[in-house]
Amino acid sequence: MKCGLLGRKLGHSYSPQIHAMLGDYTYALFEKEPEELEDFLKNGDFHGLNVTVPYKKAVIPYLDELTPIAEKLGAVNTIVRRDGKLIGHNTDYFGFQMMLDRLTMPIDLRKVLVLGSGGASNTAAAVLRDRGARVVVISRTGEHNYQNLHLHQDAELIINTTPVGMYPDTGIAPVDVKNRKAFPCLRGVLDVIYNPARTQLLLDAETQMEDDGWFNVGNGLLMLVAQAKEAAEWFTGTSISDAVIEPILDTLEAQMLNIVLIGMPGCGKTTIGRLIAEKTGRKFVDSDELIVKLAGKTIPEIFAQDGEEVFRDWETKALAEAAKQSGLVIATGGGCVTKERNYNLLHQNGEIFWIRRDISALPTEGRPLSQTSSLEEMYRLREPLYTRFHDWLIDNNGHPQDAAERILHILEG
């Protein structure tokens with residue numbers, strides 16, 4: 001069987017990898033211009049297709065039949081060829097259902113704000129209404145918009161279906177959920193974006209989760225895998241257990257995850273990071289090396305000529321460039337935790353490992369602050385910051401290889 005993904009500019013797609021884990025068929029990427037669409041659908045060599053923007057509506061005139069869900073949504077993301085006919089279906093409905101199933105809060109009779117008015121918004125709104133939610137679609141124009149959000153303070157769930165916050169333009173959110181006065185009843189936030197794993201919207205929501213005990217925060221990777229599972233059923237004509245979704249999701253999350261190393265200068269972050277990169281095939285990034293590249297100066301030169309604050313600005317720029325990517329091993333500078341702004345940058349795609357080593361074993365050569373400051377006093381000031389940033393604590397008073405193995409063991413779990 002020949003299957004694939006139809007779109008205009010596909011770039012990097014996880015669909016081939018996902019479908020390789022779902023069925024025994026080839027899966028290619030078909031980039032087509034609008035003027036090529038009709039000929040491809042009529043004469044292309046394929047058994048089944050997934051369809052992505054901007055063609056989910058454009059393909060409909062060339063299809064022979066639509067399933068009830070595709071008709072209801074007015075969009076097609078799956079096409080199969082059966083008995084010479086092209087049949088259009090929409091598996092995003094099932095995918096979004098799976099996202100909602102992860103919530104610990106009930107949906108029926110709850111007020112839900114759906115941000116955006118495109119295809120993903122239509123799907124989310126349809127599923128929510130079918131489950132009894134009171135749905136309000138927020139768009140740039142129209143009766144319900146971003147200027148009158150104060151009318152919706154009673155919303156209990158917010159779902160982002162816009163591209164705001166998507167890679168590479170991370171760090172922005174479509175609405176402010178940090179302000180509890182804006183949405184005092186809010187209990188959950190979902191984002192259909194999955195790159196980065198934590199958009200700014202989800203990072204802001206996680207802050208509230210920590211304060212208020214929320215557990216209803218999630219991205220769109222589950223929806224991507226779940227809709228692919230149902231599409232594979234249409235391609236193959238066979239039933240596939242929902243149980244396959246979780247291991248595929250785990251595989252993708254591990255692959256996309258950044259492994260971020262923090263800790264005092266000289267604690268072994270670079271050595272451990274290179275060992276992990278070598279074992280996993282990931283790209284290794286040293287934030288200090290990236291700072292030198294961006295600033296055009298060595299780190300001692302930046303400190304001597306411009307001072308520490310300028311160095312910290314360069315450090316944030318370097319972390320912003322590296323951490324919005326996926327699948328990296330990132331060794332940070334010892335003082336990156338002194339700027340709270342760096343936490344979200346590192347956390348958006350990463351698990352943060354604090355590498356701890358006895359102060360007596362820390363070298364100082366080539367490290368400006370380590371040479372001019374008491375390491376004991378530096379550690380006293382930074383320890384609560386490392387505690388604030390880290391997800392995992394790794395002891396490195398033995399062999400760096402052992403520390404690297406502990407990190408890999410944690411990730412495997």
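**Loops, helices and cores of a predicted model**

Leu-29 has a relative accessibility of 37% and therefore counts as partly exposed, a class that lies between buried (under 20% relative accessible area) and exposed (over 50%), with a 1.4 Å probe and protein chains only. The structure is a predicted model, in which local features need pLDDT of at least 70 and side-chain atom pairs count only at pLDDT 80 or more, while totals for chains, interfaces and linings use all residues. Residues are numbered from 1 along each chain as its sequence is written, and side-chain values use heavy atoms, with hydrogens and water left out.

Leu-29 belongs to strand β2 (residues 26–31); strands (E, at least two residues) and helices (H or I, at least four) are DSSP runs, numbered from the N terminus. Leaving aside residues up to four places away in sequence, Leu-29 touches Leu-5, Leu-10, Gly-11, Ser-13 and Pro-16, where contact means heavy atoms within 4.5 Å. Between the C-alpha atoms of Leu-29 and Asn-344, which are 315 residues apart along the chain, the separation is 33 Å.

Ile-193 sits in the loop between β10 (188–191) and α6 (200–212). With a relative accessible area of 3%, Ile-193 is buried. Among the residues that Ile-193 touches are Asn-160, Pro-163, Met-166, Thr-199 and Asn-219, with residues up to four places away in sequence not counted.

Several loops hold backbone features worth a look. The peptide bond from Val-53 to Pro-54 is cis, with omega near 10°, and Pro-54 lies in the loop between β3 (48–51) and β4 (65–66). Another cis peptide bond runs from Tyr-167 to Pro-168, with omega near 5°; Pro-168 is placed in the loop between β9 (157–160) and β10. Asp-83, although not a glycine, has a positive phi of about 50°. This residue, Asp-83, is in the loop between β5 (78–82) and β6 (85–89) and counts as exposed at 83% relative accessibility. Leu-109 is not a glycine either, yet has a positive phi of about 65°. The loop between α4 (92–101) and β7 (111–115) holds Leu-109, which counts as exposed at 62% relative accessibility.

Turning to the helices, α9 (residues 269–280) has 12 residues and should span 16 Å at 1.5 Å a residue, which agrees with the 16 Å between its end C-alpha atoms; the expected span is 1.5 Å times one less than the number of residues. Lys-269, Ile-272, Gly-273, Leu-275, Ile-276 and Ala-277 are buried in α9. The buried residues of α9 pack against β12 (258–262), β13 (283–286), β14 (328–331), β15 (350–356) and α16 (400–412). Just after α9, Gly-281 takes a positive phi of about 80°.

What do the most connected members of the largest nonpolar core include? Of its 47 residues, Ile-262, Ile-272, Ile-276, Leu-346 and Ile-407 touch the most other members. A nonpolar core is a set of buried Ala, Val, Leu, Ile, Met, Phe, Trp, Tyr and Cys residues joined through side-chain atoms within 4.5 Å. Leu-346 touches residues including Val-260, Leu-319, Ala-323, Ile-352 and Phe-389, not counting residues up to four places away in sequence. Apart from this core lies another, of 28 residues, among them Tyr-27, Phe-94, Leu-224 and Ala-226. In soluble globular proteins, nonpolar side chains tend to be buried together.
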